[in-house]
Amino acid sequence: MKFTEDLTGSQRTTEGIPGVDSSGADVRIVTSGGRCIAAHFHVLASASTVLEKQLERSEKRRTSGGGRTIRILGVPCDAVSAFLSFIYTSRCSAEEMERYGVHLLVLSHVYCVGRLKRECERGLAGMVTVESVVDLVQLARMCDAAYLKMRCLKVLEGRFKEVEATEGWKFLQAHDPFLELELLQFLDDAESRKKRRMRSREEQGLYMELNEAMECLEHICMEGCTSVGPHDGSPPNQTKKGPCQRYSTCMGLQLLIRHFATCGRKVHGGCSRCKRLWQLLRLHSSICERPEPCKVPLCEQFKMKLSVERKGEDGKWRLLVRKVVSAKAMSSLSQRERVELQPHKSCWVG
């Protein structure tokens, strides 16, 4: 369908949207290149409230016998055609996204076409490169495109040294220092979060080791292992029992126990190895919940002492106890699925 309209003093031919039946069209879309595209009022109004309001204003201003007219200027004509085609068909080809993705994102943002905006964000997110990331993060910021912005920020975080050398970044430094500051603040926060995560993993690993040491201490004192027997017996026959599953940790604890039994300096004499075992025994008593007398040495004595000194107990020690109890709970939940790929060196070996 083609018809003409007198715009800015000249006759212009109105074209239909490719692949769409333009019969009954009652709206003309005027583009920057001088093209006019025929469309239907109810289709445009149902797809965009912004277009609906523009059409209503155009209805009030139009002269007798004139048609409704909307001007979409500042973007290529083919981008406007692709935009209108999406409104009718809800489809956008890969070629159109590659060529007009930026323009389509702007149009979808301006005219509040949410579905097209989401598709443009996903499409452009797959095209982010070191060279284009600065331009796209500015676009995402202006169009309130959160998904695209996060993708750009990830590229900035991972490849900032390369981005910093691009012309886009130099232009940003010269013309938009506020956005530069925002991006640098994000990178600083990302680095801080990364350090916190690493520190948290290290701490969690330490708490898991302490929990394993607690389990091995109970295992040695109640069942016996290798060279140290249970509290009330001799070491078991290893040829019949088989190797300990936590041999490295158990062996380190057994060496500490044997040293503690023969050390002349002990804890008060300044022996660091004895102090280490003393702290492990105290930690065990803090988390031990056995109703019957515990076979771990000094457990009952520590419990009695802790019950008297509970009010003045060190806050850091209480926090350590809570962390180890939490690690114990996590370990018990994942014990069936956990597979030890290789033995690790215990931090309790003196």
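# Cut-offs at work

Student: Why is the sulfur of Cys-92 called too far from the one in Cys-120 for a bond?

Tutor: The closest cysteine sulfur to that of Cys-92 is in Cys-120, 6.1 Å away. A disulfide needs a pair of cysteine sulfur atoms within 2.5 Å. The separation of 6.1 Å is therefore too far for a bond.

Student: What kind of model is this, and which residues count?

Tutor: The model is predicted: local features need pLDDT of at least 70, side-chain atom pairs need pLDDT 80 or more, and totals for chains, interfaces and linings use all residues. Numbering starts from 1 along each chain as its sequence is written, and side-chain values use heavy atoms, with hydrogens and water left out.

Student: Why is Cys-92 called buried?

Tutor: Buried means under 20% relative accessible area, exposed means over 50%, and partly exposed is in between (1.4 Å probe, protein chains only). Cys-92 has 18%, so it is buried. Cys-36 has 0%, so it is buried too.

Student: What is the state of Gly-123, and why?

Tutor: Gly-123 has a relative accessible area of 21%, so it is partly exposed. It sits in helix H5. Its C-alpha is 7.3 Å from that of Gly-101, 22 residues away along the chain.

Student: How many helices and strands are there, and how do you know?

Tutor: The protein has 15 helices and five strands. Both are DSSP runs, numbered from the N terminus: helices are H or I with at least four residues, strands are E with at least two.

Student: What makes E3 and E4 a pair?

Tutor: Two strands pair if DSSP finds at least two bridges between them. Strand E3 (residues 27–31) and E4 are joined by four bridges and run antiparallel. They form a hairpin with four residues between them, and Gly-34 in the turn has a positive phi of about 90°.

Student: How do E3 and E5 run, and how many bridges join them?

Tutor: They run parallel, with five bridges. Val-30 shows both pairings: Cys-36 stands opposite in E4, and Arg-71 is the bridge partner in E5.

Student: Which way do the residues of strand E4 point?

Tutor: From E4 (residues 36–39), Cys-36 and Ala-38 point one way, Ile-37 and Ala-39 the other; all are buried. In strand E5 (residues 68–72), four of the five residues are buried.

Student: What makes Phe-83 and Tyr-111 an aromatic pair, and of which type?

Tutor: Rings of Phe, Tyr and Trp (its six-membered ring) pair if their centres lie within 6.5 Å; planes under 30 degrees apart count as stacked, over 60 as edge-to-face, and the rest as tilted. The structure holds two such pairs. Phe-83 and Tyr-111 are 5.7 Å apart, centre to centre, with 35° between the planes: tilted. Phe-83 lies in helix H3 (residues 77–89) and Tyr-111 in the loop between helices H4 (94–110) and H5 (114–125), so the pair ties together parts 28 residues apart in sequence.

Student: Why is the pair of Phe-160 and Trp-169 classed as it is?

Tutor: The centres are 5.3 Å apart and the planes at 85°, so the pair is edge-to-face. Phe-160 is buried at 17%, and Trp-169 at 1%.

Student: What sits over the ring of Phe-41?

Tutor: The charged end of Arg-68, 4.5 Å from the ring centre. The test asks for NZ of Lys or CZ of Arg within 6 Å of the centre and within 35 degrees of the ring normal.

Student: Which residues touch the most other members of the largest nonpolar core?

Tutor: A nonpolar core is a set of buried Ala, Val, Leu, Ile, Met, Phe, Trp, Tyr and Cys residues joined through side-chain atoms within 4.5 Å. In the largest, with 56 residues, they are Ile-29, Leu-44, Phe-83, Leu-84, Leu-148 and Leu-156. H3 gives the most, seven residues. A second, separate core has 30 residues, including Tyr-207 and Cys-271.
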